[in-house]
Amino acid sequence: MAEYDRYLTADSRGDFKRRNSVLNALHLDGWLLALLVALIAYGFFVLFSASDGSQAALIRQARNFAIATVAMLVASQIRVDTYYRWAPLFYVAALLLLVAVPLFGVGAKGAQRWLSLGVIRFQPSELMKLAMPLMVASWFSRQGIPPRPRPLLGALLIIALPAGLIVIQPDLGTSLLVAASGLFVVFMAGVSWWYIAGAATLLLMSAWPAWLFVLKDYQKQRILTLLDPESDKLGAGWNIIQSKTAIGSGGWSGKGWLSGTQSHLDFLPESQTDFIIAVLAEELGLRGVVLLLLIYALIIWRGFAISVRAQTGFGRLLASSITLTFFVYVFVNMGMVAGILPVVGVPLPLVSAGGTSIVTLMLGFGVLMAVSAEKRVIRQ
């Protein structure tokens, strides 16, 4: 029996090595891939309930993930030095698409954020979420790390141009996320803490002028609603009140899958997109949310592990920025639904129903896998 166990163990190890070699050949990170599959499967489970069992919603989401998976596989095959060389071109192309939005864009819900290509419609601002860290990481890799004052100003200009174009769509939430994806690269490049303190001071000093002259009325209303949602229970405060009710009523174990009252009786708005985690909390309770947070945490951990082991400064900056930006998406959506951040229309990554956002996120993970594969190729 011991001899049989020994041979079985050897065979199992051989199978593991063969599977690992296949993943290496495809430039796929096994841990990250497994975590993404788990997150996507969990997302389908939640979306089925949030959509009242709509097969059409699941088919649309499956189609989006099929396109996104192909995009991820393609992105993982591209060498990191290719990303380094082509980052400026990708950035300029995404910037031109943003310029085209106010000229040729398609409007919806009072905003003009989409471009239509006939059969498909997409948001160029989503593409900038990936183009931005690519460009800023490439910029600092060319100019030197840690950044000197002049390259730092250049990086801030690179960040400000697309952020400003997205603000006028108007889409303040996405603009802040795009800017954050670039600022994360600035931070990881080793910018002086004196610069960070100065920027924080300027931000605080500009808060009141921004309130008076920059923010639109509906954006001010979102902030006021955050502070006191009860002031307009049937209007601006409705979304937050209903999401808090759904989250609180779920307790530890939840009401049961497909048994949430807030979502299925149409009290909870945007239950398939921005507020889908409220559906999860109501039906599966805190333990369901904890499981989702665990998967997110492991994905973020893996992203940082890849960035630490990257072979080049460009790869480290890029991988860490993509990972931090993913964390911000999760934090902003959950904070928004829980009522600790203003409602800015940010979907829950790879769980909410969506199109362009899913493709962009999976493209980012494909780039992460390319950075991970760079390490394996060099060692071989």
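Axes are lines fitted to C-alpha atoms, for helices over the stretch in contact, and angles run from 0 to 180 degrees between N-to-C directions. In this predicted model, local features need pLDDT of at least 70, side-chain atom pairs count only at pLDDT 80 or more, and totals for chains, interfaces and linings use all residues. Residues are numbered from 1 along each chain as its sequence is written, and side-chain values use heavy atoms, leaving out hydrogens and water.

The axes of helix H5 (residues 124-143) and helix H6 (residues 149-167) lie 10 Å apart, at an angle of about 170°. The two helices are therefore roughly antiparallel (an angle over 145 degrees).

## Helices H10 and H13

Helix H10 (residues 238-250) and helix H13 (residues 313-338) cross at roughly 95°, and their axes come within 7 Å. H10 is thus roughly perpendicular to H13 (65 to 115 degrees). Ile240, Ser243, Lys244 and Ile247 of H10 meet Met336, Val337 and Ala338 of H13.

## Helix H8

The 21 residues of helix H8 (residues 193-213) should span 30 Å at 1.5 Å a residue, and the end C-alpha atoms are 30 Å apart, which agrees. The expected span is 1.5 Å times one less than the number of residues. H8 has a kink of about 40° at Ala207, shortly before the proline Pro209; the bend is the angle between axes fitted to the seven residues ending at a residue and the seven starting there.

## Overall fold

The protein has 14 helices and three strands (DSSP runs of H or I, at least four residues, and of E, at least two, numbered from the N terminus).

Note on methods: Angles under 35 degrees count as roughly parallel, over 145 as roughly antiparallel, 65 to 115 as roughly perpendicular and the rest as oblique. Contact means heavy atoms within 4.5 Å.
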